[in-house]
Amino acid sequence: DALRYSQIFYGGTARFMSMGSAFTALGGDISSLSQNPAGIGVFRSSEITVTPQLFHISTSASFNGIISNNLDNFNLSQAGIVSNLISNNKETGLITLSIGYSFNKTNNLHQSITIQGVNKSSSMADSWAIGANGWSKNELYDNAYYSYLANDTWLIDTLSGSNFEYGTVYSNYGDNPPSKYGQSIRRLISNDGYTGEHAISIGGNYSNKIFFGATFGISTLRYTSHYEHLESTEILLPSQFKNFTYTDHFENTGTGYTFKIGAIFKPIENLRIGLAFHSPTFYHINEYLTEDITSNFTDGGHYESPIEPLRFEYALQTPYRLLGGVALQIKKIALLSADYEFVDYSAARFSQTGDGFDYSEKNSNIKNSLKSTSNFRVGGEVRFDKLYLRTGYGYYGKAFKPGEDNANLDYSSISAGVGFREQNISIDFGYTHFKYSQSYLLYPLDNSFDPASANLSTIQSMFTLTFGFKFGI
């Protein structure tokens, strides 16, 4: 959760995205208000833009076989306006001062995944038995709640002669070891939601040498995660187990606040150097959670154990960010831009908002699992009179420390686009190909079991169209 809500992939206008979102030193695009606020100082006139987007995501899951899922989502990637407060033709002093607002999508969280195959080495019931070990049945509700649900549906039970050790239906609760696996597993995952930022900015141009700006950001997150985990066997087990379904559903909604400052320096006419600082985003998050286990046995036994919906409130502080960029303008023919971004994900922190819950263990896990990383973006644009051709590349570095399951998880994007400008009207189209691969843990186990994980390969295709109108020229 901490990583998901801390990651920013800088969605925005079609021009912004087709150039790899490398605008730290460029500015002049409304989406840059969320990246380097000094970009607002580059505007010489007022402008309004709106950007609808078609988001297509394909995920292939490998678990004793490969299954692919596709999902489409039509959304608003960006909408904003910049208005000049001061605009004159002076060569020195304050040349322009502008205010602006832009909503920019920072992460699209929609995804559909199917993991399916035969597991010959473990079960989710083993995870619940491990969690129950050391607790009596009367203590499970307060100390191992998932195990309590599993015990309530007869998926686990205490070993003969013990009140504190547990076995599963696959070993007849320890009476017929070893466990007989070979059951079919199917997990259906459905996620939807997004993170986005409302950027409110002010900035200007001083002597055509220094562009400056500040942004107050109001971030929103909406995320729903739902999955169903089904295990069924055709093997005749002494426990008479047939199948079970575990359902997990949670919803997160939250609002966060951040502050950003930035500057763009133009030491010579065709060179720009950009710097920006993003403070941590301070989120207040509301969570809704519900779970359910249903089991069936060949003797007709049917058991169900749902939990009453739970609601939580907590705070999340995401890491700060440092950005640097350089941009080169080749006469009026072309632009080249490159960005560097530093972010330390291990600095993310949860905290309580009044219920007194101690988050020290979770924060310690974040610090021990995540690390700092570097992100790189490059982009270019070539002009042919009123027609513009663009391309870009982005690399978002590894966030997990070496030794973690997803130590090699990184992200890359390739983008291209075309734009047309006629006086005060512009139309831009961009395509972004974004991909990553990760290891997905189905359930935690101890060292006596092989890891139960699937490999997920994800490709996001984003088709973005921006309509722009300049006024007050």
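Arg377 sits at 0% relative accessibility, so it counts as buried. Keep in mind that this is a predicted model. Arg377 has a charged partner, Asp339, and the two form a salt bridge whose closest N and O atoms are 3.7 Å apart.

**The Arg377 pair**
- The bridge ties together distant parts of the chain, with Arg377 in strand 17 (residues 372-384) and Asp339 in strand 15 (residues 334-344), 38 residues apart.

**Other salt bridges**
- The salt bridge count comes to 13.
- Glu381 and Arg390 are one of the pairs, their side chains meeting at 2.6 Å, N to O.
- Glu381 is buried because its relative accessible area is 7%, and Arg390 is buried because its value is 4%.
- There's also a network here: salt bridges link Arg15, Glu381, Arg390, Arg421 and Asp428.
- Lys386 and Glu422 make another side-chain salt bridge, at 2.6 Å from N to O.
- That pair also joins distant parts of the chain: Lys386 is in the loop between strand 17 and strand 18 (387-396), Glu422 is in strand 19 (residues 411-422), and they are 36 residues apart.
- Lys386 is partly exposed, with a relative accessible area of 36%, and Glu422 counts as partly exposed at 29%.

**Where helix 3 meets helix 5**
- The axes of helix 3 (residues 124-132) and helix 5 (residues 145-152) come within 8 Å and cross at roughly 115°.
- On the helix 3 side, the contact is made by Trp128, Gly131 and Ala132, while helix 5 brings Tyr146, Ser147 and Ala150.
- Sorted by class, that contact has 4 nonpolar and 2 polar residues, with no charged ones.
- As for handedness, the crossing of helix 3 and helix 5 is left-handed.

**Asn69, a buried polar residue**
- Look for Asn69 in strand 2 (residues 66-87).
- Asn69 counts as buried because its relative accessibility is 14%, and the cut-off for buried is under 20%.
- Its side chain makes a polar contact with the side chain of Thr114, at 3.1 Å.
- Leaving aside residues up to four places away in sequence, Asn69 touches Ile57, Ser58, Thr59, Ser112, Ile113 and Thr114.

Definitions and conventions
Residues are numbered from 1 along each chain as its sequence is written. This is a predicted model: local features need pLDDT of at least 70, side-chain atom pairs count only at pLDDT 80 or more; totals for chains, interfaces and linings use all residues. Side-chain values use heavy atoms; hydrogens and water are left out. Helices (H or I, at least four residues) and strands (E, at least two) are DSSP runs, numbered from the N terminus. Buried means under 20% relative accessible area, exposed over 50%, partly exposed in between (1.4 Å probe, protein chains only). A polar contact is a pair of N or O atoms within 3.5 Å; within protein, one must be able to donate a hydrogen and the other to accept it, and residues adjacent in sequence count only if both atoms are side-chain atoms. Contact means heavy atoms within 4.5 Å. Axes are lines fitted to C-alpha atoms, for helices over the stretch in contact, and angles run from 0 to 180 degrees between N-to-C directions. A crossing is left-handed if the near helix is turned anticlockwise from the far one by less than a right angle, and right-handed if clockwise. Ala, Val, Leu, Ile, Met, Phe, Trp, Tyr, Cys and Pro count as nonpolar, Asp, Glu, Lys and Arg as charged, and the others, Gly among them, as polar. A salt bridge is a side-chain nitrogen of Lys or Arg within 4 Å of a carboxyl oxygen of Asp or Glu.
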